[in-house]
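Biologist: I'd like to learn how to read a model like this one. Can we go through it together?

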Amino acid sequence: MNNKILLVEDESAYGEMLQKILASKDYEVVLTANREQALAFFAKEGATVFCVLQDLGLPPCTDSIEEGLACMTDLIAIQPQLKVIVLTGRDRGEAGEHAIRLGAFDYLEKPVSLDALVVALERAKLFNQSENRLLQDGVVPIKFNANLEQGLKLSRDNFEAELVRRVLEQCDFNIRKAADILGVKREGLYYLLKKHDISLLREVNDLQ
């Protein structure tokens, strides 16, 4: 089982401490200090990582969470099912909750309890294993946050759009295969693409 973690932490002493502690628990930790380093590593070896552990206060604005959120969303954009556990300052629970709304898997407040950290990492691993089994069975997991103020119809439309996007990604943008999974004709899928203004960024393979 893959135990590699990407740690994004600008405080080198704290990052190295976490790296050593997690190594003692049989985790392999790759330490990076900022968004640029994290994205550079992820572009080459992102597939080898099962979880990202990331500080929200990253340079150049360590007193703000903006750079940390940008790093997190950039990583998730590369790998939508990525599990990101964010680290926040003491009494910054609102920042952690905001990160979860943007796609984070969990958040922990510094100083981090080792027990809480290991539990969060094992939860992330368990979710990964479950999602991988679902994918093997043809089930596509979807992250979806519904805004209750939108009402049922708009929430349903947003879910429908996200479902179409995820199925297309899983099918490598093969229209015929995606239509089969969604249970619609190809013409119906093209209608959904137009309805939700979904553009095919990659060349569509409609013949396989």
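Biologist: Which residues does Met 72 touch, not counting residues up to four places away in sequence?

Modeller: Keep in mind that this is a predicted model. Met 72 touches Gln 54, Val 84, Val 86, Ala 99, Leu 102, Gly 103 and Ala 104.

Biologist: Which residues touch the most other members of the largest nonpolar core?

Modeller: Met 72 again, along with Leu 6 and Val 52, in a core of 22 residues. Strand S1 (4-8), H2, helix H3 (66-78), strand S4 (84-88) and helix H4 (93-101) each bring at least two residues to this core. H3 gives the largest share, 5 residues. There's also a second, separate core of 19 residues, with Leu 7, Leu 87, Leu 117 and Leu 121 among them.

Biologist: How do I read a helix, then? Which residues of H1 are buried?

Modeller: The general idea first: an α-helix has 3.6 residues a turn, so residues three or four places apart point the same way. In H1, the buried ones are Tyr 14, Gly 15, Leu 18 and Leu 22. Looking down the axis of H1, these buried residues fall within an arc of 100°, so they line one face of the helix. Ala 13 and Lys 20, on the other side of H1, are exposed.

Biologist: And where does Asn 34 lie?

Modeller: Asn 34 is in the loop between strand S2 (28-32) and helix H2 (35-45). A polar atom of the Asn 34 side chain lies 3.2 Å from the backbone nitrogen of Glu 36. Setting aside neighbours within four places in sequence, Asn 34 is in contact with Val 8 and Pro 59.

Technical notes
Residues numbered from 1 in each chain as written. Predicted model: local features only at pLDDT ≥ 70, side-chain atom pairs only at ≥ 80, totals over all residues. Heavy atoms only, no water. Helix = DSSP H or I, 4+ residues; strand = E, 2+ residues; numbered from the N terminus. Polar contact = N/O pair within 3.5 Å; in protein donor to acceptor, adjacent residues only side chain to side chain. Contact = heavy atoms within 4.5 Å. Buried < 20%, exposed > 50% of the residue type's maximum accessible area, 1.4 Å probe, protein only. Arc of directions from axis to C-beta. Core = buried A, V, L, I, M, F, W, Y, C linked by side-chain atoms within 4.5 Å.
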